[in-house]
Amino acid sequence: MIKGISLFSNVGISEYYFNDAGIEIVGANELLKERCDFYKHIYPNVDVVEGDISNETVFNKMIEIYLKNNCEFLIATPPCQGMSVAGKMSQDDPRNKLIVYVINFIKKTLPKYILIENVPAFLKFSINVNGSPIKIVDFISNELSMLGYHLKFDVLDAADYNTPQYRKRAIVLISKNSNWNFPSKTKHITVRDVIGDLPSLESGQKSNIKYHNAKSHSINHVLWMSKTPTGQTALDNEINFPIKDGRKIKGFRTTYKRIEWDRPSPTITMCNGAISSQNNVHPGRLMPNGDYSDARVLSILELIRLTGLPDNWSIPDWASDNLIRNVIGESFPPKFAFSIVNMLEK
């Protein structure tokens, strides 16, 4: 079993299946207290350090944990909002500079294997280092190639790796062994495959299945979505379309939209609790009256399954609906991550 460290850990979703790949995460760092507490609930034996990795005390504590446990593996998933096309994409966004701390960590610990995950723009984005702009991939290569590391960069889609969700991510494999390769693609798993057995729910309804409960939505949202077919947006409805101040809403075609049954889910975002946000509404089923059922966003259980987690994923009782939705929306899907680390020659 290879021991390793996780930086920017969220609540540890990415490493959920790592033990099956022969990797034991022994230390983790996360900025937010409630996420650290969530992580500790799932992995009580992991040494979790709360705080900003750019803080010297936090950084040194993670170095200490790594060396004390004779670790050989590092996974780093730095926050990506500063590089996301949905953000401002500024070279000076401090979140984008967190990769510098990852590289400094590597230079001080020299892991045998490093996995870095981020948004696809990561491979084209530049940051300012020592007053000059440099592409992140060039920065990583310049700093680590001289230490004998082999680097491989690519954009992979979670849907190609046992995950019922389209989620393109930049993946960087760094190792002393050039034989660490990207995994082969697998057959797609559909929304129907993983949530088709769950009972229908309407706004505000609860079921007797844990975490399969429907959020409550406004009367208008329920009306608009009940008239919207599977895979379509309510913006296309001839009547009962979204309105504001008496006028038809003009929005992105991914808003007020039902997902499809027979494809992987679209990317689950942090705003997965809003009908008006991106691709969040249940596919629905055509009813005898011509309406479509499940005029609601996906339940927590549906999100869990579409992320590739098991139904018995251990959620602390104190975790709010919004916290659970947020950590899932920011996750590196675990079967996707497993597929990559399972390629290691241990």
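Buried means under 20% relative accessible area, exposed means over 50%, and partly exposed is in between, with a 1.4 Å probe and protein chains only. With that rule I looked up Lys112, which has a relative accessible area of 43% and is therefore partly exposed.

**Ground rules.** This is a predicted model, where local features need pLDDT of at least 70 and side-chain atom pairs count only at pLDDT 80 or more, while totals for chains, interfaces and linings use all residues. Residues are numbered from 1 along each chain as its sequence is written, and side-chain values use heavy atoms, with hydrogens and water left out.

**Salt bridges.** I count a salt bridge when a side-chain nitrogen of Lys or Arg is within 4 Å of a carboxyl oxygen of Asp or Glu. That gives me 17 salt bridges.

Which residue does Lys112 pair with? Its side chain meets that of Glu72 in a salt bridge, 3.0 Å from N to O. The two are 40 residues apart and link distant parts of the chain: Lys112 is in the loop between H3 and strand E5 (113–118), and Glu72 in the loop between H2 and strand E4 (73–76). Helices (H or I, at least four residues) and strands (E, at least two) are DSSP runs, numbered from the N terminus. Glu72 has 25% relative accessibility, so I file it as partly exposed.

Next I checked Asp262 and Arg192, whose closest N and O atoms are 2.8 Å apart in a salt bridge. This pair also links distant parts of the chain, 70 residues apart, with Asp262 in the loop between strand E11 (247–248) and helix H7 (300–307) and Arg192 in helix H5 (residues 191–195). Arg192 is partly exposed because its relative accessibility is 40%.

Then Arg325 and Asp321: a salt bridge at 2.9 Å, N to O. They sit four residues apart in helix H8 (residues 321–329), so about one helical turn separates them. Buried or exposed, I asked of Arg325? It is buried, because its relative accessible area is 2%. Asp321, at 33%, is partly exposed.

I also noted a network of salt bridges that links Arg285, Asp294, Arg296 and Glu302.

**Helix packing.** I looked at H2 (residues 56–68) against H3 (residues 98–109): their axes come within 11 Å and cross at roughly 35°. The axes are lines fitted to C-alpha atoms over the stretch in contact, and angles run from 0 to 180 degrees between N-to-C directions. Contact (heavy atoms within 4.5 Å) is made by Phe59, Met62, Ile63 and Tyr66 of H2 and Tyr101, Asn104, Phe105, Lys108 and Thr109 of H3.
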